[in-house]
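Hello,

Here is the structure I promised to pass on to you. Please open it alongside this note, and my findings follow below.

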Amino acid sequence: MAAATAPPPAVVATTLSALICRQKIRSGGPRDFYARCVASSASAEPAEPAESRKGGHGGTRLEEAVPVGEGRSRIDAWISSRLGGGGVSRARVQASIRAGLVAVNGRPISKVSRTVKGGDLVSCTVSELQPLRAEAEDIPLDIVYEDDHVLVVNKPAHMVVHPAPGNANGTLVNAILHHCKISTFTCLARSSTSDECPDSSDDDIDVFNVDQFATEDVSSEVQNALVRPGIVHRLDKGTSGLLVVAKDEHSHAQLAEQFKLHTIRRVYISLTCGVPNPNSGRIEASIARDPNNRIRMIATAGSGHRYARHAASRYKVREVFAGGGSALVEWRLETGRTHQIRAHAKYIGIPLLGDETYGGTKSMALSLLRPRTPSKYHSDLSNLISKVDRPCLHAALLGFKHPHSGKILEFSCPPPDDFLEVLDELRKVTSSDAQNGDGVV
């Protein structure tokens, strides 16, 4: 498979509509994602020659004065702007700072949030990648696209993206190692999300805190032949859908920059408890860690929370079910904060169906659906909702500029069976209501 030219807006709209149309797309087998996933590529082209994949930037040095008159900026951002063009990611710069390899005016610093101003002399030595060992595991992957530089996968729900201390197995990274025929691998040990908010989660797609990878315990000949996958963004464990992986550090840095500039195209679909009012809009509410529950985020309209970060989402109702008991909602992200869609959905009073952490409980879903549906469906609805074991959220569309060729790639994929099963039941009870004159579509 190969790169694609940018699709016209009408094609993109048609592709997304096809994913959530009333006719379910079915293939011969129960899970033939290769047949069901859609890429906007119209013709195949040969991949570019592979560049060196060793990707070592350890030992790279920078010694430079901040230009006089330049305003204050974070040290990690300033160094990254000087070295990023050479393929050094901001995560790598942050690791160098924490390792004591960065100094300002001759004094070593340890905080990545330290600011510099015009006239400051900055020196930096890029650190070697620090190991967190991960093993290749034979875990099936749905590969939507692959070339020498990037890999696009359709992540199933319940799969964690990358290993972390205490959770080194069964992750997407373990599966990628097997796919790339790398038996043993190490990755940069996870660090805190920031000095201000130390916790992070799988769908925090702040690309400056992404893991880099290196090999160990292999010969130099093998090292020179290995691909080096790097996670560019994350999806929460319970979220299914499209995710791009970089195979070399240059690709990682280029994709990270696209996330930073918000030029990555991401569209999610969800099932909600209730229907938003109005049926389309923009949510601008900062997100911070909930001080009463460290695994949950809170959205707030003001900036009173010390650690709140700006967040903005756009939503649009695609379908309404059971007279307003539920809805199929499309989301487009302007920023990428931890649990952004889930927190914003709760903020406007429509938590995602199945999202127990944010209020989309089974009891809430049934309290909204049962009064609005014929009694003959109550038993089936109850049985179906009781089986929902994750937030009904799916990353349906992903578009980005290829980090080497510069071509626009865009991919889309319909939700998995558990999502479709609930969607079909909601459509069935809604269709019955409409025939009886009781429902609204």
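**Aromatic pairs**

Let me start with the rings: the structure, which is a predicted model, holds 3 aromatic pairs. One of them is formed by Y145 and F411, with 5.2 Å from centre to centre and 40 degrees between the planes, a tilted arrangement. This pair links distant parts of the chain, as Y145 sits in strand β9 (residues 143-146) and F411 in strand β22 (residues 408-412), 266 residues apart. Y145 counts as buried, at 1% relative accessibility, and F411 is buried too, at 3%.

F411 also pairs with F400; here the centres are 6.3 Å apart, the planes make an angle of 40 degrees, and the pair is again tilted. F400 belongs to strand β21 (residues 393-401), 11 residues away from F411 in β22. With a relative accessibility of 2%, F400 counts as buried. Taken together, Y145, F400 and F411 make up one aromatic cluster.

**Nonpolar cores**

Next, the interior. As background, nonpolar side chains in soluble globular proteins tend to be buried together. In this model the largest nonpolar core has 40 residues. Which residues have the most contacts inside it? They are L172, I176, L243, Y268, W331 and I341. The elements that give two or more residues to this core are β10, α5, β14 (240-246), β18 (293-300), β19 (312-321), β20 (326-333), α8 (340-347) and β21. Of these, α5 gives the most, with 5 residues. Another core, of 22 residues, lies apart from the largest one, and its members include I269, L271, A365 and V388.

Helix α3 covers residues 75-83, and its buried residues are I75, D76, W78, I79, S80 and L83. What covers them? Among the elements doing so are the strands β2 (61-65), β3 (73-74), β4 (102-104), β6 (115-116) and β7 (121-125), along with helix α4 (90-98).

**Backbone details to look at**

A few places in the backbone deserve a look on your screen. For reference, most residues other than glycine have a negative phi, and most peptide bonds are trans.

- N105 is not a glycine, yet its phi is positive, at about 55 degrees. You will find N105 in the loop between β4 and β5 (107-108), and N105 is partly exposed, with a relative accessible area of 46%.
- H158 likewise has a positive phi without being a glycine, in this case about 80 degrees. H158 lies in the loop between β10 (150-155) and α5 (172-179). Its relative accessible area is 41%, so H158 is partly exposed.
- N277 and P278 are joined by a cis peptide bond, with an omega of about 5 degrees. P278 is in the loop between β15 (265-273) and β16 (280-284).

**A buried aspartate**

Finally, there is D290, in strand β17 (residues 286-290). Is D290 buried or exposed? D290 counts as buried because its relative accessibility is 6%, which is under the 20% cut-off. Leaving aside residues up to four places away in sequence, D290 touches R296, M297 and I298.

I hope this helps you find your way around the model.

Best wishes

Key: Residues numbered from 1 in each chain as written. Predicted model: local features only at pLDDT ≥ 70, side-chain atom pairs only at ≥ 80, totals over all residues. Heavy atoms only, no water. Buried < 20%, exposed > 50% of the residue type's maximum accessible area, 1.4 Å probe, protein only. Helix = DSSP H or I, 4+ residues; strand = E, 2+ residues; numbered from the N terminus. Contact = heavy atoms within 4.5 Å. Phe/Tyr/Trp six-rings, centres within 6.5 Å; stacked < 30°, edge-to-face > 60°. Core = buried A, V, L, I, M, F, W, Y, C linked by side-chain atoms within 4.5 Å.
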